[in-house]
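Here is a short tour of one protein chain. Keep the sequence and the 3D view open side by side, and find each residue as it comes up.

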Amino acid sequence: MPTLFRPHGSSRIDVQGRKIIRHMEGPWNLEFVHMAHNDLQTLANFDYSTPWVTMLIVQKSALCSPDALRQIASHLQLDFNRQRLGTAWVYPPGTEGAAIMQKMLTPLYKESGPVAFFSCIDEADSWLNTLLAQLTGLH
């Protein structure tokens, strides 16, 4: 996808069993959303055909452009997300735009599985572990 802009934002992915943890720093633009999505889809040795969960830990700013938000909505509808049991967004205290982005993101997940928002990583992790245990028997 050729664009006029470089990706704005950064991310790093960690995997813990059936849990994908994405450390993200915003604000981000459409080009970053494409790049981050590609990184997720090409994650080595991860089987998206079995149940999984994800946590997005957002640092500095949660804000993204309207076109980036539309692209996130589009990505949520893709086949590789069919086995995603839930998504936890973590906005630590002081994260710019956390309240508005929670309001903007919540409806995007209406048809793509449970979503919850947290200010603490441990609470998000506990919620995701509960989903995995309840729905799959995995830990």
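Start at Pro27, which sits in the loop between β2 (19-25) and α1. A cis peptide bond joins Gly26 and Pro27, with omega at about 10°. Keep in mind that this is a predicted model.

**Overall layout**

- The chain has four helices and five strands.
- Their order along the sequence is β-β-α-β-α-β-α-β-α.
- The C-alpha atoms fill a box of roughly 45 × 30 × 25 Å, taken along the principal axes.
- What radius of gyration would a compact globule of 139 residues have? The value would be near 14 Å, and the chain has 14 Å, so the two agree.
- Take the contacts between residues at least 6 apart in sequence: 77% of them join residues at least 24 apart.

**Surface and charge**

- Of the 139 residues, 43% count as buried.
- The chain exposes about 7500 Å². Carbon and sulfur atoms supply 54% of that area.
- The chain carries 11 positive and 12 negative charges.

**The nonpolar cores**

- In soluble globular proteins, nonpolar side chains tend to be buried together.
- The largest nonpolar core here has 21 residues. Trp28, Ile72, Trp89, Tyr91 and Leu105 touch the most other members.
- Four elements, α1 (30-41), β3 (52-59), α2 and α3, each supply at least two residues of this core.
- Which element gives the largest share of this core? That is α2, with four residues.
- Leaving aside neighbours within four places in sequence, Ile72 is in contact with Trp28, Val33, Cys64, Leu105 and Leu108.
- A second, separate core has 13 residues. Val53, Ala88, Ala116 and Phe118 are among them.

- Find His75 in helix α2 (residues 66-76). Is His75 buried or exposed? Its relative accessibility is 9%, so His75 counts as buried.
- Leaving aside neighbours within four places in sequence, the contacts of His75 are Val33, His34, His37, Phe80 and Asn81.
- Next, find Pro92 in the loop between β4 (84-90) and α3 (98-105).
- Pro92 has 19% relative accessibility. Buried means under 20%, so Pro92 counts as buried.
- Which residues does Pro92 contact, apart from neighbours within four places in sequence? They are Val58, Gln59 and Ser119.
- Pro92 and Ser119 are 27 residues apart along the chain, yet 4.5 Å separates their C-alpha atoms.

**Two exposed loop residues**

- Ser49 lies in the loop between α1 and β3. Its relative accessibility is 54%, so Ser49 counts as exposed.
- Ser49 and Gln83 are 34 residues apart in sequence. In space, their C-alpha atoms are 6.2 Å apart.
- Lys60 lies in the loop between β3 and α2. Its relative accessible area is 57%, so Lys60 is exposed.
- Look at the backbone of Lys60 too. Its phi is positive, about 65°, although Lys60 is not a glycine.

- Asn38 is in helix α1. Its relative accessible area is 44%.
- Asn38 and Lys60 are 22 residues apart in sequence. Their C-alpha atoms are 22 Å apart in space.
- Asp125 is in helix α4 (residues 121-136). With a relative accessible area of 22%, Asp125 is partly exposed.
- Not counting residues up to four places away in sequence, Asp125 touches Lys19 and Met55.
- How many residues lie between Asp125 and Thr54 in sequence terms, and how far apart are they in space? They are 71 residues apart in sequence and 9.3 Å apart in space, C-alpha to C-alpha.

Key. Residues numbered from 1 in each chain as written. Predicted model: local features only at pLDDT ≥ 70, side-chain atom pairs only at ≥ 80, totals over all residues. Heavy atoms only, no water. Rg over C-alpha atoms; globule rule 2.2 N^0.38 Å. Buried < 20%, exposed > 50% of the residue type's maximum accessible area, 1.4 Å probe, protein only. Contact = heavy atoms within 4.5 Å. Areas by Shrake-Rupley, 256 points an atom, 1.4 Å probe, with all protein chains shown as cover. Lys, Arg positive; Asp, Glu negative; His and termini not counted. Charge placed at Lys NZ, Arg CZ, Asp CG, Glu CD. Core = buried A, V, L, I, M, F, W, Y, C linked by side-chain atoms within 4.5 Å.
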